[in-house]
Amino acid sequence: MQVLDTKKMKKVVVLGTGGTIAGTAASANDHTGYTAGQLGVQQLLDAIPGLNDVLQGDSLQCVQVAQLDSKDMDHATWQALAQRCAHWLAQPDVGGIVITHGTDTLEETAWFLQQVQRTTKPVVLTCAMRPASALTPDGPQNLLDAVAVVLDPMARGVLAVCAGRIHNAREVQKIHPYRLDAFSSGESGPRGWVEQGRVRWADPGSWPMAHVHASQAMALSVADWPWVAVVQSHAGSDARQVQALVAAGVKGLVVAGTGNGTVHQSLLTALAQAQAEGVAVRLTTRCAEGQIVGQAAALQMAPTGLNAYKARVSLMLDLMG
Ligand code: SIN
């Protein structure tokens, strides 16, 4: 009886940020020539049949935080989003948050939020690969699934839901530019699945902690966030790329190395020089799966398992100390 009462009190807050899920095209069979971030989050919720069946008496509240194509995601929007999350998650009647987001930088936003949230309540990002105006859009099902996940009693931390699969913020990565199931958790596999509104967890496991500098990220003006850039090591890499970034005042560099964390010789001297001048340098691998193993690297490693873009988020937070 007590469980039922608690359940009735739950509110899910849906924060809209734009993306293809809120995108529209001139024609219903156009899946690529659309404009992202056109419909408000309330319109997205209104378009979902069966939402009340999933809610079963729980309530929804929606807030439009941004309206953008996530390729243009910026630190100010991240900070505003994190502050909104913190505000709502502190309310005792709020069970969790769903965020509608573009697919292109969803994994970076997910990792940033995971690093700065100090709550165990779930924050579930969802998205779509087809615009809302498509003949068969994927956004409504993804949004419905995200609400089901946020209401699941086992849901914790920052998660991403797409195409019936639940991913951890740490592992999730966009791996396909067009397919509906565009996300993968690589070798670790999805955190779970949503099947006909029911959540099945692969393994409840343990939940990641917030970054030690989470409160600085919320309090500092984003103009004062340290500038951290990603440098790719590739055939024909040129030291001038690193030198230009250092001359322009970069505070940190994340190097996406080849294979097992090797770096083009043209970059190594410039990176060592950058380190000597006080620039923080971290090494990751360009490989989509696995992690650097047994490498006595000249450069300091990024936290295990993070891709270059998430390592950039973590290094930026490290440097806020
Ligand atoms: C975006 O990332 O906002 C556009 C692309 C997408 O959502 O699939």
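**Entry 1: the model.** I am working from a predicted model.

**Entry 2: the domains.** I looked up how the protein is divided. I found domain 1, covering 11-201, and domain 2, covering 226-319. I then checked the spacing of their C-alpha centres. Those of domain 1 and domain 2 are 30 Å apart.

**Entry 3: where the domains meet.** I asked how many residues each domain brings to the contact. Domain 1 supplies 15 residues, and domain 2 supplies 14 residues. Next I wanted the extent of the interface. The size of an interface is often given as the accessible area lost when the parts come together. Between domain 1 and domain 2 the buried area is about 1,200 Å². Carbon and sulfur atoms give 54% of that area. I also looked for salt bridges between domain 1 and domain 2, and the count is 0.

**Entry 4: the largest pocket.** I looked up its volume and noted about 590 Å³ of space. Its lining has 32 residues. Which of them lie nearest the centre? I wrote down A288, G290, G305, L306 and N307.

**Entry 5: what lines the pocket.** I sorted the lining of the largest pocket by class. I noted 13 nonpolar, 13 polar and 6 charged residues. I then asked which elements give two or more residues to this lining. They are strand β13 (280-285) and helix α10 (308-318).

**Entry 6: pocket and domains together.** Last, I checked where the lining residues come from. Domain 1 (11-201) and domain 2 (226-319) each give at least three residues to the lining of the largest pocket.

Technical notes. Residues are numbered from 1 along each chain as its sequence is written. This is a predicted model: local features need pLDDT of at least 70, side-chain atom pairs count only at pLDDT 80 or more; totals for chains, interfaces and linings use all residues. Side-chain values use heavy atoms; hydrogens and water are left out. On a 1 Å grid over the protein atoms alone, a cavity is a set of points where a 1.4 Å probe fits but cannot get out, and a pocket is an open set with protein on both sides within 12 Å along at least five of seven lines; lining residues have an atom within 4 Å of a point. Grid points are joined across faces, edges and corners, and a volume is the space filled by probe spheres set on the points. Helices (H or I, at least four residues) and strands (E, at least two) are DSSP runs, numbered from the N terminus. Ala, Val, Leu, Ile, Met, Phe, Trp, Tyr, Cys and Pro count as nonpolar, Asp, Glu, Lys and Arg as charged, and the others, Gly among them, as polar. Domain bounds come from an automatic or database domain assignment. Contact means heavy atoms within 4.5 Å. Buried area is the accessible area (1.4 Å probe) that two parts lose on being put together, summed over both. A salt bridge is a side-chain nitrogen of Lys or Arg within 4 Å of a carboxyl oxygen of Asp or Glu.
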